[in-house]
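This report goes through one protein model, from its overall make-up to a few of its details. Please look at the sequence and the structure before reading on.

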Amino acid sequence: MATRMVQLAQPKPSLLRFPDRRSVYWLDELPPERNGSTTTFELTPHWSQLCGRKRLNSGFEQSRLSPQWEVSVAALSAYPSNRLCSLALPRLPTIGWEPDRPLLASLSRAVQTAVASPRVCQLACPKRRQGLYSSKTSLAPPHPAVTSSRLQLLALPKSDHPQYAQDRPVIWPVPGPVRKAVASERVQVLSRPNQRKALFQGYNPYTVTLAARSASASPRLQELCLPLPRKCKGK
């Protein structure tokens, strides 16, 4: 067991055999060596091209020299037609349209000087509920309620099934025979790990053993290898 642990503790060998590099990206070839600082940022030719200004189209004609241009004589002496004048008028609202009511309507003088009548003052008082929030009254009913036998039966908690097994405790005592048990030679052989070599040590996972080459399928295995009858009807 110690030999197996020592074998697993060995570091995994590097099969790539690539030299160490500081880049976190995978490169097909090593970056060119620099004489100066390795942290100086350099632009690639494509990045330099993207940083340049946008060039004008080859077919662009710069006919407008300034954003201000002179108005022609024909435009100065133009006269709008009746149709153009009618289209220039603002659109009138519909006949049944009413403007929005102001949020704060002005109160009349009569409303401001009105005096509430005794009946209005009586209706404005909060409604009084007698006995609900009083500390003198008791919340207990006047007569104790009597439950029926059916209600008492339904109020009983549900009992467990007679064959229900409780959860096994997490910690339980180990019996004495188990403490004194000695593993047989067969158990010791089965407890040893399977010794296998790594790929770089010559291990071939596709090797077929001699026992597998000379094995013959049993009748039951041949029966299980046959396709289902419902899938063979069309053939």
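## Report on the model

The protein chain has 11 helices and 0 strands. The model is a predicted one. Read from the N terminus, the elements run α-α-α-α-α-α-α-α-α-α-α.

**Surface.** The chain has 235 residues, and buried residues make up 0% of them. Its accessible surface is about 26,000 Å². Carbon and sulfur atoms account for 59% of that area.

**Salt bridge.** The structure contains 1 salt bridge. The partners are Arg-220 and Glu-223, whose closest N and O atoms lie 3.4 Å apart. That distance counts because the cut-off for a salt bridge is 4 Å. How are the two residues placed along helix α11? Helix α11 covers residues 219-225, and Arg-220 and Glu-223 are 3 residues apart in it, so about one helical turn separates them. Glu-223 is partly exposed, at 49% relative accessible area.

**Cysteines.** A disulfide is a covalent bond between the sulfur atoms of two cysteines. How many disulfides does a search of the whole structure find? The search finds 0. For Cys-121, the closest cysteine sulfur is that of Cys-125, at 7.4 Å, which is too far for a bond. The cut-off for a disulfide is 2.5 Å. Two of the residues named in this report, Cys-51 and Cys-121, are cysteines with these accessibilities.

| Residue | Relative accessible area | Class |
|---|---|---|
| Cys-51 | 59% | exposed |
| Glu-223 | 49% | partly exposed |
| Cys-121 | 40% | partly exposed |

Cys-51 counts as exposed because its 59% is over the 50% limit.

**A pocket.** Rolling a probe the size of a water molecule over the atoms shows where empty space is left. The second largest pocket has a volume of about 280 Å³. Its lining consists of 13 residues. Nearest the centre of this pocket lie Gln-7, Pro-13, Ala-198, Phe-200 and Gln-201. Sorted by class, the lining of the second largest pocket holds 6 nonpolar, 3 polar and 4 charged residues.

Notes:
Residues are numbered from 1 along each chain as its sequence is written. This is a predicted model: local features need pLDDT of at least 70, side-chain atom pairs count only at pLDDT 80 or more; totals for chains, interfaces and linings use all residues. Side-chain values use heavy atoms; hydrogens and water are left out. A salt bridge is a side-chain nitrogen of Lys or Arg within 4 Å of a carboxyl oxygen of Asp or Glu. Helices (H or I, at least four residues) and strands (E, at least two) are DSSP runs, numbered from the N terminus. Buried means under 20% relative accessible area, exposed over 50%, partly exposed in between (1.4 Å probe, protein chains only). On a 1 Å grid over the protein atoms alone, a cavity is a set of points where a 1.4 Å probe fits but cannot get out, and a pocket is an open set with protein on both sides within 12 Å along at least five of seven lines; lining residues have an atom within 4 Å of a point. Grid points are joined across faces, edges and corners, and a volume is the space filled by probe spheres set on the points. Ala, Val, Leu, Ile, Met, Phe, Trp, Tyr, Cys and Pro count as nonpolar, Asp, Glu, Lys and Arg as charged, and the others, Gly among them, as polar. Accessible areas come from the Shrake-Rupley method with a 1.4 Å probe; for residues, only the protein chains shown count as cover.
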